[in-house]
Amino acid sequence: MNRQVLGQEKQAEGEESNVSSLSALAMLRLLLQETQRADGGWSARPDGPSDTESTALSLLALSLANGGGPEGSATRAREWLRILQRSDGSWPHSDQVPLSHWMTSLAVLALRRSEEDRGRVESGARWLLQQEGRGHSWLTRLMFRFFPERKPVELDWDLTGWPWLPDTFSWVEPTSYALIALKSLRPELSSRRSRARIDEAERMIFDRTCEEGGWNYGNSLVLGEHLWPYPDTTALGLIALQDVPRNELIERSLAALRRMLDENDSVLVQALGVLAFQLFDEDVSDRRTALAQRVATAPPPVQTRAIAFAALALDEAARPLEVPREA
Amino acid sequence: MRLDRRDFLKVSAAAAAAVSVPGCRRDEDRPRWSAEAIRKPESSRVAILPAASYEDDLRSIVTSGLRLFPLDVSGKRVVLKPNLVEFDPQGVINTNPVLIGAAVEALRGLGAREVVVAEGPGHRRDNEYLHRASGLEDVLRETGAPYVDLNSDSLRRVELLSEYTGLDALYLPETVLDADLLISMPKLKTHHWAGVTLSMKNMFGVVPGTVYGWPKNLLHWVGINSSILDINAALEVPRFNLVDGIVGMEGNGPIQGEAKHVGVLVLGADPVAVDATCARLMSIDPARVSYIGEAGIFLGNVELERIRQVGEDLETYLQDFRVLESFESLKLAPRSSAG
């Protein structure tokens with residue numbers, strides 16, 4: 001099924017908008033299969049080289065389909081990820097950029113259900129647990145203690161999550177992915193160390209909450225000015241906090257996400273909205289229908305991760321980013 | 001430059017702010033660059049052209065501006081790198097898409113084989129939203145210009161030619177590296193960490209977010225001023241610069257500042273000379289802007305006597321841009337273009 005067929009389906013029904021989530025989902029999966037590269041991976045955009053983020057998210061989306069798609073699409077994607085894993089357990093951005101990378105979280109997430117990849121997933125998780133966002137030196141922190149007016153941003157410098165690249169600052173998006181990946185490995189991964197890292201990262205995310213709720217990339221107040229939240233970062237933050245007892249910051253962030261989704265109908269954020277709200281037990285059927293319409297009536301998203309997140313969001317039978325609760 | 005106590009305190013505050021950006025650290029070593037990085041010309045031509053509003057015939061203005069330079073775009077693949085960071089319906093954050101469209105048409109009119117719009121937005125990963133909200137989507141559709149997301153382009157490792165950040169190399173997008181001509185199209189803005197953001201700072205957008213994170217985190221970590229210098233020194237591709245100074249941003253730029261009408265386009269091949277001229281238009285002393293002053297040693301010209309000004313007089317369009325208190329020491333004396 002392709003976009004043209006979907007359009008014909010709509011026309012035959014003679015209705016303004018009645019594309020089912022199922023048919024939109026089938027179209028997105030087909031689109032993913034068609035855009036899979038010969039090496040088994042996916043690129044961020046149609047004509048680029050394969051990268052870990054696009055491949056992991058596409059694999060995650062296709063893994064939910066029976067058999068992982070025709071002709072072993074998922075199998076080839078797993079193989080691409082296996083080859084790319086580094087000896088330290090991490091995954092790089094791509095074979096073009098051999099740097100240990102935040103995308104490790106996504107590779108772990110994509111491979112976690114594959115028994116054959118258990119060892120790879122565990123070594124990826126171990127690498128993640130070794131990574132900590134870095135803050136200021138003790139000297140700078142001391143200066144801020146005595147001269148708090150010189151602090152350009154308001155945040156708790158003692159809380160660390162995960163950085164984009166090793167040995168840099170913690171940000172909300174890589175921390176959220178790491179949290180989702182590590183939590184998804186419960187109960188196998190339930191050491192004191194992993195619990196402590198998860199707990200601290202959750203507190204870091206709460207600490208970075210914007211005044212109106214939700215999250216910017218990682219700061220909420222810079223030079224006395226409040227930053228506004230972004231819908232994609234907010235949805236990812238909420239997904240990462242799905243198993244935390246609901247509190248005022250989560251409620252505020254859910255409200256912020258609702259507001260932002262009213263103003264932004266991009267496939268990416270509408271999909272992330274569905275994935276986040278369903279984990280907080282909100283009825284997402286209307287959002288899912290709207291997303292299906294959006295997918296069917298607009299040009300296909302250029303960004304592979306938008307296609308993959310949309311496919312994950314339109315699968316009514318699954319909660320693909322749900323994590324096991326801690327025992 | 002002599003500093004009184006008040007100036008000294010301001011400079012100290014600016015230094016403290018620079019060191020305390022999350023992920024930033026102070027530049028400690030004396031900067032160095034290799035011979036390949038030296039491209040400071042004897043003199044640099046910079047044009048200031050009047051453009052009162054985005055309703056003007058910007059295509060004609062850009063065309064006439066480009067003709068002031070020995071710039072042959074015939075048969076070339078030109079990459080336009082606007083400043084498209086974020087969207088705020090009340091703000092003036094981005095290079096106005098109308099100007100981008102005008103530049104596309106002007107370059108085609110001058111014989112460019114292909115004109116590509118390319119950016120790696122520093123804040124938003126959601127291009128679909130950013131393009132629609134900013135109005136770029138309409139311009140791309142109307143002009144048929146292809147767009148490349150530099151955050152996720154094919155990459156090549158590029159050895160750095162200077163040593164400000166301490167990094168050996170950066171992975172940079174092939175769309176930029178393979179351009180016959182790269183045109184930086186920044187917005188005339190103040191910047192709360194760097195003082196001003198113009199042609200050189202706009203090159204942050206070529207650094208791929210999928211590798212280095214958002215908001216281009218590694219560059220903040222190794223130092224904004226250092227990164228601006230290393231990136232600009234590393235880009236050996238032929239360059240030109242076209243600054244959207246029709247409406248700029250003052251105060252807490254580059255995102256949360258206020259609109260400031262200036263009514264000009266500023267053009268030139270030397271990014272340092274263009275940025276120095278823009279800074280002067282904002283009543284800011286370019287030599288006191290850390291990275292511009294340093295770039296003036298090896299990358300281009302800062303000194304007035306080495307900049308051949310064409311088009312309108314700078315004095316005519318001089319504006320007193322408000323800056324954060326920590327950057328007050330950068331300001332020129334009121335109603336003066338000295339510096």
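Author: Happy to! Let's start with a term: a residue is buried if 20 or more other C-beta atoms, placed from the backbone, lie within 10 Å of its own, exposed if 12 or fewer, and partly exposed in between. By that count, buried residues make up 52% of the 327 residues in chain A. This is a predicted model, in which local features need pLDDT of at least 70 and side-chain atom pairs count only at pLDDT 80 or more, while totals for chains, interfaces and linings use all residues. Residues are numbered from 1 along each chain as its sequence is written, and chains are lettered from A and ligands numbered from 1 in the order in which they are written.

Chain A holds 14 helices and 4 strands (DSSP runs numbered from the N terminus, helices being H or I of at least four residues and strands E of at least two). Its radius of gyration, taken over C-alpha atoms, is 20 Å, close to the 20 Å from the globule rule (2.2 Å times the number of residues to the power 0.38), so chain A is as compact as a globular protein of that length. The C-alpha trace of chain A spans about 70 × 45 × 40 Å along its principal axes.

Chain A averages 89, and 93% of the residues score at least 70. Confidence is lowest in helix H1 (residues 3-13) of chain A, with a mean of 42, and highest in helix H10 (residues 231-240) of chain A, at 98. Where pLDDT is low, the predicted coordinates should not be read in detail.

Definitions and conventions
pLDDT is the predictor's confidence in each residue, from 0 to 100.
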